[in-house]
Structures are given as C-alpha cells and as structure tokens.
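Please look through the sequence and the structure below before reading on.

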Amino acid sequence: MLDLNARLTRLIRRASSANAPMTVGLVFACAFLTTFQGRLFGMSLPDLRGDFGLDVIQGAWLSAAMNAGQLLIMPITVWLSLIFGPARVIMVPSLTLALTTAMIPFARDYQLLLAMHLIVGLCLGTYLPLTMSMALRNLKPHHWLWAMAIYSLRLSFGTDVGVGASGVFVDHFDWRWIYWTTTALCPMLAFAAWKALPIGPIDRETFKSTDWGGMAMFCLSLSMLAAAFSLGETLGWFDSSVIVAGFVVGAVLLAACLAHIGLNPAAFVNFKPLGNHNVRTALLIACLYAILVTPTSVLIPSFLTTVAKMKPLQTGAATVLVFATYLAMTPVAVWLARRVDSRLLLILGVTIIAGLCVYCGSTMTSAWRLEDVTPLLILFAIGECLTLMGTFPVVVLNMNPAYGVAIGAYIPLVRIFVPSVVSGMSALTLRVAADTHDEALRAGIEAGQPLVTQRVAGNLGTLVSDLARESSVLSFIDGFHLVFCVAMVVLLLAATLKPAPPNHLTPPKLV
C-alpha cells in the first residue's frame with residue numbers, strides 16, 4: 001500500500017508539473033460538474049418522465065442506475081489513475097460522457113435509456129476521487145484552505161444551483177439541455193486534461209497485480225445497497241423482492257469484502273487510516289453531514305413545493321440564494337480557519353444548524369411562504385459552510401500521507417452511498433410521519449362539531465385537503481427535530497476531536 005501511494009504521488013507530480021494551475025482548475029471543474037449534473041437530473045426527473053413517457057418506477061430506476069454507476073467506479077478510480085494515468089482517466093470518461101448525454105434525449109427504448117444513464121454514472125464517478133488529492137499535491141500548503149473551500153463550494157453549487165437550473169431549463173428553454181449542458185462542457189474538460197496532464201505509458205505490471213476481486217466485491221456491495229435504499233420508497237421496501245435481494249446480496253458482499261480486507265494484507269484497501277481517532281471521527285461527521293444539509297436540500301424545498309405549492313422555478317430561486325450565501329461566506333470561513341482552530345468552526349457551524357432546527361420545529365406553520373424561509377436558508381447556508389470548513393482540515397491535517405490511496409476508497413461512502421441512504425430514509429420518514437399525523441388529526445375530529453359540519457357542508461374535499469396539508473407540515477417539523485438530534489450527535493463527536501499536529505495551515509492548537 002505504501003509503494004502504491006508513493007508511485008501514485010510520483011505519477012501525479014510528474015504529470016501535472018508542467019501546468020499545475022490548469023490541473024487544479026481542471027479537477028475542480030470536474031467535481032463541480034459531477035455534483036451539478038446529479039442534482040440537475042434529480043430535480044428534473046418528474047419532467048423527464050413525461051418527456052420520455054415513463055412511469056414513476058421507471059424514472060426511479062434511471063436515478064438508481066446513475067448512482068450505482070458512480071459507486072461502481074469511484075472506489076477504483078485511484079487505481080485506474082495509477083495504471084492508465086490521470087490524463088486518460090479524465091479524457092476517456094469526458095468524451096464518453098459528452099457522446100452519451102448528446103444521444104440520451106433521442107433514445108426511446110427504455111433498456112437503452114437505462115444503460116445510457118448507467119454509463120453517465122460511470123463517467124461522472126471518475127471525477128471526484130482525484131480532486132482533493134491532485135489539488136493538494138499541486139498547491140502550496142498556504143493555499144490548501146482555499147482548495148478545501150472551493151471543494152466544499154461545489155457541493156452547494158450542485159445541490160442549490162441545480163434546483164434553479166432545472167426550473168429554467170424545463171420552463172424557459174429546452175428540457176434536452178438538462179443533458180446537453182454536460183455535452184457542451186465535457187469536450188472542454190477533455191481538452192484541458194490533454195493540455196495539462198501528459199499521457200504516459202500504461203503500467204501493465206500494476207494492472208496484473210491489483211486486487212480486482214476485492215474491488216469488485218466492494219463496488220458491487222455499495223452499488224446494490226445504495227440502489228435498494230434509493231428505490232425502497234418507490235417499490236415498497238420489503239414488500240418488493242428486488243429490494244430484499246438488494247439488501248441481502250449487498251450485505252453479504254460487503255461482509256465478504258470486509259473479511260477479505262482484514263485477512264489479506266495485499267487487499268486493495270486497509271483499515272489502518274481509520275486507526276487515527278481524528279480521521280475516523282471526521283469521516284463519520286462527514287457522513288452525518290448528509291443529514292445536516294437536509295433542511296436546505298430536502299425539507300425546505302419540499303415544504304415550498306408540497307405546502308406552499310410553489311413551482312420548481314420559484315423553489316430554485318430560493319435554493320440559488322443558499323449558494324449565493326455559501327459563495328459569500330467562503331472567504332470569511334477561510335479567514336476564520338487561519339485564525340481559529342478548525343474544531344471551533346465545526347462546533348459553531350453545527351450549533352447554528354441545531355438552533356435553526358429548533359426554531360423551525362417550534363414555529364413552522366402552513367402559512368409560511370418564501371419570504372418566511374429566506375432568512376432561514378441564509379443562516380442554514382452559513383452553518384453548513386462553517387461545518388464543512390471545520391471538517392475538511394481535520395482529515396487533511398491528521399491523515400498519514402502514506403494512506404492517501406486508502407482514504408480515496410472511503411470517498412464514495414461520504415459522497416454517494418450515505419446520501420443515497422439518507423435520501424431513501426428521508427422519503428420514508430416524511431411519508432410515515434405524514435401518515436401518522438393524518439391518522440391522529442382524523443381521530444381528533446368528531447362528527448357534529450360546528451366547524452366540521454360547516455366544512456363538510458361547504459366541501460368535503462376542503463376538509464380532506466386541510467388535513468393533508470397540516471399532516472405534511474407536522475412531518476416536516478419531525479424532520480427538523482431529527483436533524484437536531486443528529487446535530488447533537490455531531491457535537492458530541494466534535495468534542496472528542498484532538499488538536500491537530502503542528503502544521504502551516506492552522507493557528508496553534510488548543511490546549
């Protein structure tokens with residue numbers, strides 16, 4: 001493992017030494033595109049179903065295929081770069097992605113459409129794993145905080161701007177640009193990779209000695225489990241044999257892979273990086289961050305859509321505000337990170353999110369509209385920015401460089417797998433909470449009450465609509481309460497973090 005990491009370091013340094021600024025810009029552009037395209041597709045899926053003539057289940061399979069494709073390729077991207085070189089790993093998927101997204105709008109056969117979205121996922125999955133490693137190796141340490149800030153910014157860019165872009169493309173332009181935007185950008189990424197990263201010989205020796213069996217088990221297990229979670233709500237969870245098979249086979253493969261890693265010293269990844277308490281804890285916090293961002297990514301946008309009856313374009317305007325706040329807050333977060341211990345930034349960010357969840361959970365009503373949630377979105381964005389800028393330095397400063405390759409294998413867990421789980425569980429939680437509150441509200445209505453008689457005499461549908469609306473509001477309140485509980489867990493984990501070793505990145509450690 002140490003030899004693999006040393007060889008990868010030499011490869012990347014040699015490849016990018018000619019044009020380091022262009023290399024850094026390239027990998028960040030790839031990361032931004034990955035997040036943006038995924039969110040753009042997810043928000044546009046209801047409209048895409050109508051354009052392609054698909055039902056809800058078929059549309060859900062398209063989304064699952066894209067996520068599964070990313071999980072299939074992300075854990076092995078580092079090894080592909082070691083064997084084929086970073087230039088090929090970026091150029092080939094970029095050109096393939098451009099061709100595939102250009103053809104998707106013309107596909108009418110569902111099986112072909114499904115295969116194309118799987119290919120899109122495979123191509124997008126090659127971008128993220130190398131982003132931070134190549135950026136940190138090509139930048140001086142005093143620029144690392146900016147690299148982390150830009151990397152965190154791509155999450156908000158894709159998540160928040162993707163919502164607004166979806167509404168613009170569907171309502172004002174052509175829905176095909178949901179795909180053709182990527183078609184237009186990918187050739188430029190391929191050209192930049194060709195100019196910035198010299199193409200070296202293929203390392204056939206490493207190709208033959210790589211632990212492909214362990215990689216296959218790891219990638220397949222994550223893909224199957226993520227697909228089961230993302231499709232669970234649509235297919236009825238354990239009432240569906242497909243979901244049951246996905247959970248069982250995925251769990252068995254993951255258990256076999258973990259046993260393989262523990263017993264085989266030559267496995268493609270090992271658990272040694274997790275031996276450092278700060279790295280292990282920060283990675284866990286990064287996983288829980290997928291829940292902490294649900295107020296801006298799921299709860300408030302869904303509230304505006306289902307309760308306030310706002311169109312995607314209107315909801316997009318609200319989420320673009322989140323990105324604008326994130327963008328303005330990034331320089332402030334970098335300035336603070338140079339003067340304040342990153343652990344304090346983490347605690348401050350999570351505290352802001354927790355406090356806002358308490359406020360939303362105690363004051364939200366069905367009368368809330370965009371002007372009511374706008375200040376909350378701004379404050380949530382500030383909390384999210386501070387949380388990420390407090391988490392990244394903990395990993396970077398405490399990670400042993402010898403385990404850089406191994407850490408790369410854990411990125412898919414944080415980037416794709418955990419968000420897929422959170423997405424599936426969020427949908428389940430909101431539905432169950434809404435059904436539970438609906439039953440409770442119905443039980444509290446007695447026939448013959450003046451208000452009930454008045455509503456029924458006017459229009460029975462009005463009473464039913466009111467019950468459904470209030471049940472939805474109560475389910476969102478439960479969602480905020482859940483995020484608050486997770487924030488408390490994150491604060492407890494943050495309290496156990498130890499000071500970082502002496503470095504040139506952050507101020508002197510706390511006592």
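## Burial and overall make-up

A residue is called buried when its relative accessible area is under 20%, exposed when it is over 50%, and partly exposed in between, using a 1.4 Å probe and protein chains only. The model is predicted, so local features need pLDDT of at least 70 and side-chain atom pairs count only at pLDDT 80 or more, while totals for chains, interfaces and linings use all residues. Residues are numbered from 1 along each chain as its sequence is written, and side-chain values use heavy atoms, with hydrogens and water left out.

Of the 511 residues in the protein, 52% are buried. The protein has 20 helices and 0 strands, where helices (H or I, at least four residues) and strands (E, at least two) are DSSP runs numbered from the N terminus.

## Cysteines

A disulfide is a pair of cysteine sulfur atoms within 2.5 Å, and a search of the whole structure finds 0 of them. C30 is in no disulfide, the nearest cysteine sulfur being that of C186, 8.0 Å away; with 1% relative accessibility, C30 counts as buried. C485, by contrast, counts as partly exposed because its relative accessibility is 46%, and its sulfur lies 9.6 Å from the closest cysteine sulfur, in C357, which is too far for a bond.

## Helices α4 and α5

The axes of α4 (residues 77–84) and α5 (residues 86–103) come within 6 Å and cross at roughly 115°. Axes are lines fitted to C-alpha atoms, for helices over the stretch in contact, and angles run from 0 to 180 degrees between N-to-C directions. In contact (heavy atoms within 4.5 Å), T77, L80, S81 and F84 of α4 meet P86, R88 and V89 of α5.
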